[in-house]
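Thanks, everyone. Have the sequence and the 3D view open, please.

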Amino acid sequence: MPGHNSIIAHFDIRKTPENRCPGWYLALMAPNEKGSNYAWLDPSRLYCNQQALQDCIENLLLPFTDDQIDLVAGIDAMGFILGAAIATHLGKGFLAMRKAGHLCVKTRSKDYADYSGKEKVMEVRTDVIKTGLRILLVDQWIETGGTMKAAIKLVEEQGGIVAGVATICIEDSEGGKWVKKHYKCSDCVPEYLRSHFNNHVLENVQLYYNQNNE
Ligand SMILES: O=P(O)(O)OC[C@H]1O[C@H](OP(=O)(O)OP(=O)(O)O)[C@H](O)[C@@H]1O
Ligand SMILES: Nc1ncnc2[nH]cnc12
């Protein structure tokens, strides 16, 4: 099993490593063990360590230090975690961009397809986004970019301004590159690890962590 003998496999989420090398917390993510109906990895263990979550949030916000952000919007479901944490860190409010069928108020919706190839629908309430409102869009990950593009359209169609896009990783897919080209973006991936994420390989990331913490 990949990583079975590594420090990561036995990681105590209460402890923080002495050597917090750039992007150290990415090694806490776990590979897919359940097959093609799922994303290729699960980042959620990094939220379980306080320092990892804090470092991740601070890294994501660095490019936006001097920018005006009125509201943070997070994408259903895992984007809610980072989005709400970032909103609190900034002292701003949080708007939920939801998968269809949950909001019992008036909504605007957008069809999209994500990495799974399945057709999906995103919804947002219509009484929050106003002309000129500057919104930081947050999600856990951008793989094909389909999900983020739907969120961008929902913001812009209501007159909102996408002040930025922040996710743990923006893969260099066609859609990921499109988002990076048209919007100010941040992700947590140091350049020397980027090719591994683009190739959907996690072992090297964990190996790097182990080398720095043995
Ligand atoms: O760039 P894309 O190919 O569109 O994929 C990215 C989306 O997929 C994941 O969510 P997912 O719906 O898998 O899971 P979640 O509900 O657990 O957030 C991820 O968190 C993004 O929202
Ligand atoms: N949460 C996620 N983690 C890794 N890869 C993904 N692709 C789409 N969503 C993802």
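Ground rules next. This is a predicted model, where local features need pLDDT of at least 70 and side-chain atom pairs count only at pLDDT 80 or more, while totals for chains, interfaces and linings use all residues. Residues are numbered from 1 along each chain as its sequence is written, chains are lettered from A and ligands numbered from 1 in the order in which they are written, and side-chain values use heavy atoms, with hydrogens and water left out.

Ala-77 is in the loop between β3 (71-75) and α2 (79-90).

Which side chains reach oxygen atoms of ligand 1? Lys-99 does, with an N or O atom at 2.5 Å. Tyr-115 does too, with a polar side-chain atom at 2.6 Å. On its own, ligand 1 has 500 Å² of accessible area, and the protein covers 86% of that. Those areas come from the Shrake-Rupley method with a 1.4 Å probe; for residues, only the protein chains shown count as cover.

Now the whole shell. A residue is near a molecule or strand if one of its heavy atoms lies within 4 Å of it. Ligand 1 has 15 residues around it, and Lys-99, Tyr-115, Asp-139, Thr-144 and Thr-147 come nearest. By class, that shell holds five nonpolar, five polar and five charged residues. Here Ala, Val, Leu, Ile, Met, Phe, Trp, Tyr, Cys and Pro count as nonpolar, Asp, Glu, Lys and Arg as charged, and the others, Gly among them, as polar. β8 (141-142) and α3 (146-157) each give at least two residues to it.

On to ligand 2. Its surroundings are Ala-39, Trp-40, Leu-41, Pro-43, Tyr-115, Gln-140, Trp-141 and Glu-143. Six of these are nonpolar, one is polar and one is charged. Glu-143 puts a polar side-chain atom 2.5 Å from a nitrogen atom of ligand 2. For Trp-40, a polar side-chain atom is 3.4 Å from a nitrogen atom of the ligand. Trp-141 has a side-chain N or O atom at 3.4 Å from a nitrogen atom of ligand 2. Cover is 89% of the 260 Å² of accessible area that ligand 2 has on its own.

Where does ligand 2 sit? In the largest pocket. The space taken by ligand 1 is that pocket as well. Sitting in one means that more than half of the molecule's atoms lie within 2 Å of its grid points. On a 1 Å grid over the protein atoms alone, a pocket is an open set with protein on both sides within 12 Å along at least five of seven lines; a cavity is a set of points where a 1.4 Å probe fits but cannot get out; lining residues have an atom within 4 Å of a point.

The largest pocket has a volume of about 710 Å³. Volume is the space filled by probe spheres set on the points, with points joined across faces, edges and corners. The lining has 32 residues, with Ala-39, Leu-41, Met-78, Tyr-115 and Gln-140 nearest the centre. α3 gives the largest share, three residues.

Last, His-200. Its phi is near 60 degrees, positive in a residue other than glycine. His-200 is in the loop between α5 (191-198) and α6 (203-213).

Technical notes
A polar contact is a pair of N or O atoms within 3.5 Å; within protein, one must be able to donate a hydrogen and the other to accept it, and residues adjacent in sequence count only if both atoms are side-chain atoms. Helices (H or I, at least four residues) and strands (E, at least two) are DSSP runs, numbered from the N terminus.
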